[in-house]
Amino acid sequence: MRKGIFILFLVGVLVFGVVASGCISGGGTTTTSSSAPATSSTSSSTTSTTTTTTTTQQKVETVVIWHAMGPDELKVFQDLASEFEIEHPNIQIKFEKKADLETSLKAAIPAGQGPDLFIWAHDWIGKFAEAGMLEPIDEYVTKDILDKFSPVAQKAIEYDGHYYAMPFAAETVALIYNKKMVTEPPKTFEDMKKIMEKYYNPDKGTYGLATPMDPYFLSGWVHAFGGYYFDDKTKKPGLDLPETKEGFEFFFKEVFPYVAHTQDYNAQVGLFLDGKAPMMVNGPWSISSVKSKGINFGVVPLPPITVNGKTYYPHPYGGVKLIYFVKGIKHKEAAWEFVKWLTTNPDAVKTLALENGYIPVLKEVMNDPEIKADPVLNGFGQAVQHMYLMPKSPAMGSVWGPVGTAITDIIAGKKTIDQALKDAQSEILQNLKS
């Protein structure tokens, strides 16, 4: 890619020389603009697509993208956008950060003041599509495009028979282990349990595992046995299913006894960072903290469970990062040109993976030797193969709270697992009726 860009630059210099000579000789035209030229930068002032006319009267379309990324994460996108702009001089990409992205989008889109695109995980696709705030891109998402991505990514971009976004990464939780304390990562849950037993000593402030305990982090154990909180197809909760109960019972019998009984996320993570737990269940977003502590670590999927001779794999919830198309988009073709380039260009996707730690969903990059050689990308990449795609339906908003309450009540000993799950099921059903 870099070599190609350099060649394009040389060609650009020659073209500029020809245009410049024409202007000097009086054959050129003056530059006019409907607004100040946009650049690939973070801004909060521009909320609409702008058009600029160049010296050759070529229309330059500016595609505005809203996001909620941090500066380091954003810079990689901006650098890639700059490369795209060199290859596509008639399109400019402008990023704008919004502190409260959802609120900003819901206020701006109906008023016709929204961006062209926005970046967020796939779990917003249902509520934004049903609210009429997304633009279908069915004409662009052909079978040859879909086949470039993993099955879970293909599923993430569709809602109610239409495609509204394109995928560029996935994320889920895995088992992160301290190599100083765990020389061989567990290949089975029995291996994991032996490690937990070895280090569990609350009197000395050490535990066998550090894991946040909320619906998201417990989902892997629940889904392992076929249970679920909510089914995206039937739009029904499943807290009263025997498989769901089996998953909860497994966690509280086989895992919970070896962890600190706190639901404070930072406290759990702190145990691993301080060397007081040999393993941690967490996602790619936690790796920067692990690296900052200088921990020599590895990443593997949650290990399979064998019960009565049958093997079950934990399937933790996972998300797919998307670039959404906004209803009322003014320059759809230009936006598609950039989004297609960013999500299907192996070099661009690989750059996002290596520099931002994103787990690729483009098949060609998933199988790239350099990606497979990276212990973090490879470890989480394997975990993504077992992830359970978070429901896309807006109805999922009625599920998180009751399940979270059930977990809290079980931990506090206020309710049995059976009673807590029955109460959660009833509350969810009531929420869905209202």
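Biologist: Where is the place of Phe149 in the chain?

Modeller: Phe149 sits in the loop between α5 (143-146) and α6 (151-156); helices are DSSP runs of H or I with at least four residues, strands are runs of E with at least two, and both are numbered from the N terminus. This is a predicted model, in which local features need pLDDT of at least 70, side-chain atom pairs count only at pLDDT 80 or more, and totals for chains, interfaces and linings use all residues. Residues are numbered from 1 along each chain as its sequence is written, and side-chain values use heavy atoms, with hydrogens and water left out.

Biologist: Why does Phe149 count as buried?

Modeller: Buried means under 20% relative accessible area (1.4 Å probe, protein chains only), with exposed over 50% and partly exposed in between. Phe149 has 2% relative accessibility, and therefore it counts as buried.

Biologist: Which residues does Phe149 touch, not counting those up to four places away in sequence?

Modeller: They are Gln154, Met166, Pro167, Thr343, Thr344, Val361, Leu362 and Lys363, where contact means heavy atoms within 4.5 Å.

Biologist: What makes a set of residues a nonpolar core?

Modeller: The set consists of buried Ala, Val, Leu, Ile, Met, Phe, Trp, Tyr and Cys residues joined through side-chain atoms within 4.5 Å. The largest such core here has 92 residues, and Met166 and Phe118 are among those with the most contacts inside it. Helix α12 (residues 332-344) gives the largest share, seven residues.
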